[in-house]
Amino acid sequence: MKYTGLVFVFITLAACGNNQAAIPVEEGETNDEVAFEVAKNYFYKNDLDVLPASPKITSEEAFNKFFGMATTMGENGKPTPIDFTKQFVLAIVLPVTDYDTEITPEKVEEKDNVLLYTYKVKTGEKQSYSIQPISIIILDKKYENKEVVLVNGQETTYFPAIDRFLVNEFGKQYAEGEHCVPIHSIVTVDERKPEDILVWGDFWVFNYNLVGDTLKCVSGGSHPGLMHIRQTEKGFEVTSFDQVEDGSRFLPSAKKIFGKKFKAFQTINSDEKAREKLRAEGLLKYVKEHGLSATMYQDYGWPAKKLQ
């Protein structure tokens, strides 16, 4: 079901545009942890309007293009020395935000020709000023040629794969907006087969423009159905989607796809108050994760509502 300029209530979301993945460890297999040092007292140069294309930086020249030294008073005020003849760095840079944001490196593991870099991002309270969250870790140069896979806690599941699918397959079908927001309300899942994980749900995608401090909905729609997802060595991917049809075929196709889960699907869609609450929570999360200045959101023809 597609809607342009008209928005119906909907459910939870995760951010678009994730480029991270998770590589599972087979039973009885272990990954070797790689030692690293956290580099302190550096800042991302604020005259740059793009983020680094890759977290891996292997030369002093490339590093100095993005980062400057932030020397402060005291014993620990000097920037951590980096010797690019013997070392290289992995740098996480997030968009500018006025929310207190902390990036915490957890571990780096070696698996064949891949380095798995696991980190967490914690978002706190809104501040009266903006920051550019960064995290830099230093590794031995002997690992420099290995592929780097970023592993965020949210990326160890198949939900980012669902989000990518919604954005790529459905988001572009609607009138374009500045921000694409995928949403999913999950009815149930069957994870017994890694090669065919089954996820039944009501899936939405909406495009927004940021006007002043308000996210204004441009277009979007609902795509209920069954997603087939495969787990691979590099993460998860949606292989196919059994979508509920429109019009007179909606009920018969929904009953066929959801089967015994059809009543659960109907229950989810009947609680508008709960759906609107989850929608607002999801939009607030999106705003925080993307460093947006939005404090309100608005559907076409309706008063703006506060993000809280």
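Which residue forms a salt bridge with lysine 120, and how far apart are the closest N and O atoms?

**Entry 1. Basis.** I worked from a predicted model, in which local features need pLDDT of at least 70, side-chain atom pairs count only at pLDDT 80 or more, and totals for chains, interfaces and linings use all residues. Residues are numbered from 1 along each chain as its sequence is written, and side-chain values use heavy atoms, with hydrogens and water left out.

**Entry 2. Salt bridges.** I took a salt bridge to be a side-chain nitrogen of Lys or Arg within 4 Å of a carboxyl oxygen of Asp or Glu. By this rule I count 7 salt bridges. The partner of lysine 120 is glutamate 106, with the closest N and O atoms 3.7 Å apart. This pair links distant parts of the chain, 14 residues apart: lysine 120 lies in strand S9 (residues 114-131) and glutamate 106 in strand S8 (residues 97-111). Strands here are DSSP runs (E, at least two residues), numbered from the N terminus.

I then looked up accessibility, calling a residue buried under 20% relative accessible area, exposed over 50% and partly exposed in between (1.4 Å probe, protein chains only). Lysine 120 is partly exposed at 48%, and glutamate 106 is partly exposed at 41%.

Lysine 141 forms a salt bridge with glutamate 144, the closest N and O atoms being 2.5 Å apart. Lysine 141 is partly exposed at 25%, whereas glutamate 144 is buried at 17%. I also noted aspartate 190 with arginine 192, at 2.6 Å between the closest N and O atoms. Aspartate 190 is buried at 16%, while arginine 192 is exposed at 71%.

**Entry 3. Strand S10.** I find 5 of the 7 residues of S10 buried. Strands count as paired if DSSP finds at least two bridges between them. S10 pairs with S3 in the antiparallel sense over 3 bridges, and alanine 39 stands opposite isoleucine 136 in S10. S10 also pairs with strand S7 (residues 87-93), in the antiparallel sense over 7 bridges; glutamine 87 has aspartate 140 of S10 as its bridge partner.

**Entry 4. Second largest pocket.** A pocket is an open set of points on a 1 Å grid over the protein atoms alone, where a 1.4 Å probe fits, with protein on both sides within 12 Å along at least five of seven lines; lining residues have an atom within 4 Å of a point. I record 13 lining residues, with Tyr42, Phe43, Gln132, Pro133 and Ile134 nearest the centre. Strands S3 (37-39), S4 (42-44) and S10 (134-140) each supply at least two residues of the lining.

Technical notes. Helices (H or I, at least four residues) and strands (E, at least two) are DSSP runs, numbered from the N terminus.
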